[in-house]
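Hi,

Here is the structure I promised to pass on.

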Amino acid sequence: LRIAVVETVRSLAGRGSGLVILVDEAHTLPLRLIEELRLLTNTPTPLPAVHIVLAGTSALEERLGSPKMESCTQRIAMRAYLEPLDHAETVAYLRTQMKAASLDWDASFEAGCDDAVYSAADGVPRLLNQICDQVLVLVGDGRRARPADVAAAWSRCLRTAQGRARQRPEAGANPFCVMQSRNMPIAAFDA
């Protein structure tokens, strides 16, 4: 696989292009795989051709701090930390997501639901989405969701993930790290 990726990189570089590898949940990768990704940035090309974006939780920061990862850490061009949304941002986010789905928040949720969702998810967008999805499944098309439905949906979310109870993520930041290829940094954006 590595040889195929290197050939692709060289082909792209020959056309004046490059490759961006985006790795979500990078905190779950074995250290040797992160090192393999770093080695791809050493592919000899006339211009920088490989950029790697690692996205993950605070555990990624800890893993990159390992002495075994020193050569990798030296290549990081940028670190960015995404904070949870505040209450006003959460309310705007929820309404925007509903509008994107051709739904109206006020027609689907009773007053107080946005506060209940924010309280349960601590402003973490992924959890906001999961909770609201569960609420809509629980209530179906018959009625507007109530704050009690949000609590039930949150309990249901906690029981998922292959039978393991998940803990609420810490309300802190999620690091986004970018490794550079030959001193050519790129920006990282959360999708």
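Is the crossing of helix 8 and helix 9 left-handed or right-handed? The crossing of these two helices is right-handed (left-handed is when the near helix is turned anticlockwise from the far one by less than a right angle, right-handed when clockwise). I'll come back to that pair below.

A bit of housekeeping before the rest. This is a predicted model, in which local features need pLDDT of at least 70 and side-chain atom pairs count only at pLDDT 80 or more, while totals for chains, interfaces and linings use all residues. Residues are numbered from 1 along each chain as its sequence is written, and side-chain values use heavy atoms, with hydrogens and water left out.

Overall picture

The protein chain has 9 helices and 4 strands (DSSP runs numbered from the N terminus, H or I of at least four residues for helices and E of at least two for strands). Their order along the sequence is α-β-α-β-α-α-β-α-α-α-α-α-β. Of its 191 residues, 35% are buried (under 20% relative accessible area; exposed is over 50% and partly exposed in between, with a 1.4 Å probe and protein chains only). As for contacts (heavy atoms within 4.5 Å), take those between residues at least 6 apart in sequence: 72% of them join residues at least 24 apart.

Helix packing

Back to helix 8 (residues 125-139) and helix 9 (residues 147-159): they pack at about 115°, with their axes 8 Å apart (axes are lines fitted to C-alpha atoms, for helices over the stretch in contact, and angles run from 0 to 180 degrees between N-to-C directions). The two are therefore roughly perpendicular (65 to 115 degrees; under 35 is roughly parallel, over 145 roughly antiparallel and the rest oblique). On the helix 8 side the contact is made by Leu127, Gln130, Ile131, Gln134, Val135, Val137, Leu138 and Val139, and on the helix 9 side by Asp149, Val150, Ala152, Ala153, Trp154, Arg156 and Cys157. By class that is 11 nonpolar, 2 polar and 2 charged residues (Ala, Val, Leu, Ile, Met, Phe, Trp, Tyr, Cys and Pro count as nonpolar, Asp, Glu, Lys and Arg as charged, and the others, Gly among them, as polar).

Helix 8 also packs with helix 5 (residues 87-100), at about 55° and with the axes 11 Å apart, so this pair is oblique. Their crossing is right-handed. Here Thr90, Tyr93, Leu94, Gln97 and Met98 of helix 5 meet Pro125, Leu128, Asn129, Cys132 and Leu136 of helix 8. The contact has 7 nonpolar and 3 polar residues, with no charged ones.

At the other end of the numbering, helix 1 (residues 2-14) and helix 2 (residues 31-40) pack at about 30°, axes 11 Å apart, which makes them roughly parallel. Helix 1 passes helix 2 in a right-handed crossing. Arg2, Val5 and Val6 of helix 1 meet Glu36, Leu39 and Leu40 of helix 2, and by class this contact has 4 nonpolar, no polar and 2 charged residues.

Two buried residues

Leu37 sits in helix 2 and is buried, with a relative accessible area of 11%. Setting aside residues up to four places away in sequence, Leu37 touches Ile21, Val23, Leu29, Ile52 and Leu54. Its C-alpha is 9.2 Å from that of Cys72, 35 residues apart in sequence.

Ala26 lies in the loop between strand 1 (19-23) and helix 2, and its relative accessible area is 0%, so it is buried. Beyond its neighbours within four places in sequence, Ala26 is in contact with Ile34, Leu54, Ala55, Gly56 and Leu60. Ala26 and Thr57 are 31 residues apart in sequence, with 8.1 Å between their C-alphas.

Positive phi

Most residues other than glycine have a negative phi. Glu25, in the loop between strand 1 and helix 2, has a positive phi of about 60° and is partly exposed at 29% relative accessibility. Asp122, in the loop between helix 7 (113-121) and helix 8, has a positive phi near 55° and is partly exposed at 24%.

Aromatics

A search of the whole structure finds 1 aromatic pair (ring centres of Phe, Tyr and Trp, its six-membered ring, within 6.5 Å; planes under 30 degrees apart are stacked, over 60 edge-to-face and the rest tilted). Trp105 and Phe109 form this stacked pair, at 3.9 Å centre to centre with 10° between the planes. Both residues are buried.

Cheers
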